[in-house]
Amino acid sequence: MNKKYFETIYILFKKELMSYFNSPIAYIFIGVFLVTGNWLFFKNFFLIGEASMRGYFELLPWIFLFLCPAITMRLWSEEKKAGTIEFLLTLPVTDWQVVWGKFLGALAFLSIALATTFTLPITIASLGNLDWGPVIGSYIGSLLLGGSYLSLGLFISSLTKNQIIAFVLGLAACFGFFIVGANFVLMGAPQFLVPIMNFLGLGNHFYNIAKGVIDTKDLIYYFSFIFIFLWLNARMIESRGWK
Amino acid sequence: MIEIKNLTKKFGNNVILDNITLTVKKGEILGFLGPNGAGKTTTMKIITSFWSPTSGSILIDNIDVANDKIATRQKIGYLPETVPLYEDMRVYEYLKFVAEMRGIAKTEIKKRIKEVVDICGLRSVIKQPIEELSKGFRQRVGLAQAIMHNPEILILDEPTTGLDPNQIVEIRKLIKDLGREKTVIFSTHILGEVSAVCDRAVIINKGKIVGEGSPEELTKKAGGKEIIYVKIKGPKDAVLEKISRMENVAKVDFKDTESDNIHGYEVESKNETDIRESLAKLVMDNDWGILEFNKKAVSLEDVFRELTK
């Protein structure tokens, strides 16, 4: 774990981030993200007439549900299909470094997309008295939630050569983890499973943070979630050529 | 330089490599020959530590690949069978990424890329997106990628497949030039390539090494006999009879006819003896004339077919 180790991750990160902007993907993503998010939000904003972003951040997990697997779907499957994985993993790098590079690249891209929505709180603040606490909390929560989706999606992308499969499975898995702690699911679940499911659900932790209350419990949950799937990802990559 | 010891690779019950032992000396160009699916690519993937072996070990400069992948990978430049290029990058961008990943100092990167571009003849496409390159240029970018960090060892998996004849000659020349300073292992199933480029060839079939040696040695091993083609001006029957009665001649065959009195024959000698001189003498003594004389080599194709059938 010396300086060189992190330098390599940084080079990989840079390449990954650049690859989004090398193709039209990045601009289409950000465009669609902004248009759908803002339109769905402003549709009700003036009806409710309240200077808060709560509506927006209730919507965001659902938009991320599609956006994140779309970001991660190609990250491994394309390398496998094009054979570049053989080049990448015979460079003097560890599998872990590559996984980190890819994850951080995706996270940075998601952050850029998220940063483009800063116009929203600024607009709202100019219209009324905006409480910044929950807004900042929600942005942090979004990043953590998005990071979890990305980590999960990245892992799923390492399972297949096919981008479409990676997307659909990623979407399903993210949806599963998001919904597992939701009230209407918990109502139908066996009593002894409720606390576990409640804790496992990605959504519950998000809404906690979105209230503006940043609890270490939620942070630990998100960091472990991200780490576990990155670890599984590295394992998966390591096991190439075993079958 | 490279020592492969008892290398075995299995996928389930399917044995891909079966106990391969092989040493490659420094500065050698080694041709890896074999039919499709013989295990050439698998061996290369294991040497570059893309895959790990089921059992056995590989030492590169006395470093075990299993122990220090980073160190051994840094000594190797690798061109896989499917040229690994990021389609959405430009050639320069790609080479810069490779240079950075290979740990070339920031101040040296530009200079090194320029050198590599000159060696591989990429100057005209340096700014083009990789997806627009022709097959030949793609192969060269792949090669540029492999030699970027000036590795001691080059591993090239079928570097000439899918190229047109001119490009094949160019790439072969490039490999030969690079092989002056580096240890090169390259795989192919084109036999002419081996005699054109290699110092030594290894023939592998169904995961086992079935032949090894310089192209000449290999031909000799499989043949063990010498065939001479001779065109003689003289009566056919008499010539055939006299030659077959010569010492050390195993067989003589009538081959072709040029005109009434001129015929070609193939003479096979016994025990690898050189019968050219006595054959010439025989012709002189009988007042015939020799019009053509050449030693017919057993081709590498014959060896290959012999060893891999």
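**Reading helices, strands and cores in chain B**

Mentor: Start with one helix, α1(B), where the buried residues are Lys40(B), Thr41(B), Thr42(B), Thr43(B), Met44(B), Lys45(B), Ile46(B) and Ile47(B). Keep in mind that this is a predicted model.

Trainee: Why is helix α1 of chain B said to be largely enclosed by the rest of the structure?

Mentor: Burial is a count of neighbours: a residue is buried if 20 or more other C-beta atoms lie within 10 Å of its own. In α1 (residues 40–47) of chain B, eight of the eight residues are buried, so the rest of the structure largely encloses this helix. Just after α1(B) comes Ser49(B), with a positive phi of about 60°.

Trainee: How many residues of α3(B) are buried?

Mentor: First the general idea: an α-helix has 3.6 residues a turn, so residues three or four places apart point the same way. Now the case. Eight of the 11 residues of α3(B) are buried, and the helix is mostly covered. Among the buried ones are Val91(B), Tyr94(B), Leu95(B) and Phe97(B). The list also includes a charged side chain, Lys96(B).

Trainee: What covers the buried residues of α3(B)?

Mentor: The cover includes α4 (106–120) and α5 (135–147) of chain B, and also α1 (3–22) of chain A. After α3(B) comes Gly103(B), which has a positive phi near 75°.

Trainee: How many residues of chain B are in contact with chain A?

Mentor: In general, the size of an interface is often given as the accessible area lost when the parts come together. Here the description is by residue contacts: 20 residues of chain B touch 17 residues of chain A. On the chain B side, α2 (69–75) and α3 (91–101) each supply at least two residues. That side divides into 12 nonpolar residues, four polar and four charged.

Trainee: Which residues have the most contacts inside the largest nonpolar core?

Mentor: They are Ala106(A), Leu150(A), Leu95(B), Ala144(B) and Ile155(B), in a core of 125 residues. Helix α3 (residues 54–82) of chain A gives the most to this core, 12 residues. Another core, of 10 residues, lies apart from it and includes Val252(B), Tyr265(B), Val267(B) and Leu279(B). As for Leu95(B), its contacts beyond four places in sequence are Ile113(B), Val116(B), Ala144(B), Gln145(B) and Met148(B).

Trainee: In what order do the four strands of the open sheet in chain B lie?

Mentor: Strands of a sheet pair through backbone hydrogen bonds, either parallel or antiparallel. In this sheet the order is β2-β1-β4-β5 (chain B), with antiparallel pairing. Seven bridges link β1 (residues 2–11) of chain B to β2(B) in the antiparallel sense. Within that pair, Lys9(B) is opposite Leu17(B).

Trainee: Which strand runs parallel to β3 of chain B?

Mentor: Strand β9 (residues 200–205) of chain B does, joined to β3 (residues 29–33) of chain B by four bridges. Leu30(B) is opposite Arg200(B) there. On the antiparallel side of the account, β9(B) is joined to β10 (residues 208–213) of chain B by five bridges, and Val202(B) has Glu212(B) as its bridge partner. β9(B) and β10(B) make a hairpin with two residues between them, and Lys206(B) in the turn has a positive phi of about 50°.

Trainee: Why does Lys296(B) count as partly exposed?

Mentor: Lys296(B) has 13 other C-beta atoms within 10 Å, so it is partly exposed. This residue sits in strand β14 (residues 289–296) of chain B. Beyond four places in sequence, Lys296(B) contacts Ile227(B), Ile228(B) and Tyr229(B). Its C-alpha atom is 29 Å from that of Ala38(B), 258 residues away along the chain.

Technical notes. Residues are numbered from 1 along each chain as its sequence is written. Chains are lettered from A and ligands numbered from 1 in the order in which they are written. This is a predicted model: local features need pLDDT of at least 70, side-chain atom pairs count only at pLDDT 80 or more; totals for chains, interfaces and linings use all residues. Two residues are in contact if their C-beta atoms, placed from the backbone, lie within 7 Å. Two strands pair if DSSP finds at least two bridges between them. A residue is buried if 20 or more other C-beta atoms lie within 10 Å of its own, exposed if 12 or fewer, and partly exposed in between; C-beta atoms are placed from the backbone. A nonpolar core is a set of buried Ala, Val, Leu, Ile, Met, Phe, Trp, Tyr and Cys residues joined through C-beta atoms within 7 Å.
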